[in-house]
Amino acid sequence: MSVESTEEATAAAAGELAEATEETSEEGAAAGRGTSVSRLEEEGDIAADYLEELLDIADIDGDIDIEVRNGRTYISIAAEDDSEGLESLVGRDGEVLEALQELARLSVLSATESRSRLVLDINGYRKERAGDLQQIAEDAVAKVKETGASVALAPMSAYERKIVHDAVADLGFVSESEGEGAGRHIVVSAD
């Protein structure tokens, strides 16, 4: 399956799944919620069901793993072999991954009427990106030490900014987010 056809299938699947999620959420509300399942585990189950349907519709193989840690639900999709289909779900610079994460969050909102902060990872992209972001933070801090001037980084998602803020703080420096929307970025300084 080509990248273009996978993206078209993903877009078509998103529309079909939105309708299915509405039906599922109505059925779930009627049936009631079990008290033995935590809210985060429930979020993971709802999002995983949504993503599993998406993978089936797009005819992409992948194993879904759900983990709850640090007050968040983490969902990982991985394949045993190199799956071009899964790579197309990451997209350039993680753009498709971010969109799928938002769709998964919307499926949870639709089913539970509660906002979710779940994190979606596909083929370890976020884990690899976290290492890159750590290096970006270290390089920015080194440049601030060298020049004494503030360093502005490239725009990035809120999740990525959080990783950089934490890394900069661990190195004993200060970082602030500036800008709006897609142009929101971090500025690293000594004070």
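Student: Okay, what should I know about the model and its numbering?

Tutor: It's a predicted model, where local features need pLDDT of at least 70, side-chain atom pairs count only at pLDDT 80 or more, and totals for chains, interfaces and linings use all residues. Residues are numbered from 1 along each chain as its sequence is written, and side-chain values use heavy atoms, with hydrogens and water left out.

Student: Which residues gather in the patch of negative charge?

Tutor: Among them are Glu41, Asp45, Asp49, Asp63 and Glu80. Patch members have over 30% relative accessible area and no salt bridge, and like charges are joined within 9 Å. A salt bridge here is a side-chain nitrogen of Lys or Arg within 4 Å of a carboxyl oxygen of Asp or Glu. The areas are Shrake-Rupley values with a 1.4 Å probe.

Student: And which element gives the largest share?

Tutor: That's H2, with six residues. Helix H2 (39-58) and strand S1 (63-69) are the elements that give two or more residues to the patch. Helices (H or I, at least four residues) and strands (E, at least two) are DSSP runs, numbered from the N terminus.

Student: Where does Asp59 lie?

Tutor: In the loop between H2 and S1. Asp59 is exposed, with a relative accessible area of 64%. The cut-offs are under 20% for buried and over 50% for exposed, with partly exposed in between.

Student: Switching topic: what's phi doing at Asp93?

Tutor: Phi of Asp93 is near 55°, which is positive in a residue other than glycine. Asp93 is in the loop between helix H3 (84-90) and helix H4 (95-112), and counts as exposed at 62% relative accessibility.

Student: What about Asn123, where is that?

Tutor: Asn123 is in the loop between strand S3 (119-122) and helix H5 (125-147). Its phi is positive too, near 55°, and at 27% relative accessibility Asn123 counts as partly exposed.

Student: On to strand S6: how many of its residues are buried?

Tutor: Five of five, across residues 185-189. His185, Val187 and Ser189 point one way, while Ile186 and Val188 point the other.

Student: Which sense does S6 pair in with S4?

Tutor: Antiparallel, over two bridges; pairing needs at least two DSSP bridges between the strands. Ala152 has Val187 as its bridge partner.

Student: And how many bridges join S5 to S6?

Tutor: Five, also antiparallel, with Ser175 opposite Val188. The S5 and S6 hairpin has six residues between the strands, and Gly179 there takes a positive phi near 95°.

Notes: Patch = residues over 30% accessible without salt bridge, like charges linked within 9 Å, V, L, I, M, F, W, Y side chains within 5 Å. Lys, Arg positive; Asp, Glu negative; His and termini not counted. Charge placed at Lys NZ, Arg CZ, Asp CG, Glu CD. Buried < 20%, exposed > 50% of the residue type's maximum accessible area, 1.4 Å probe, protein only.
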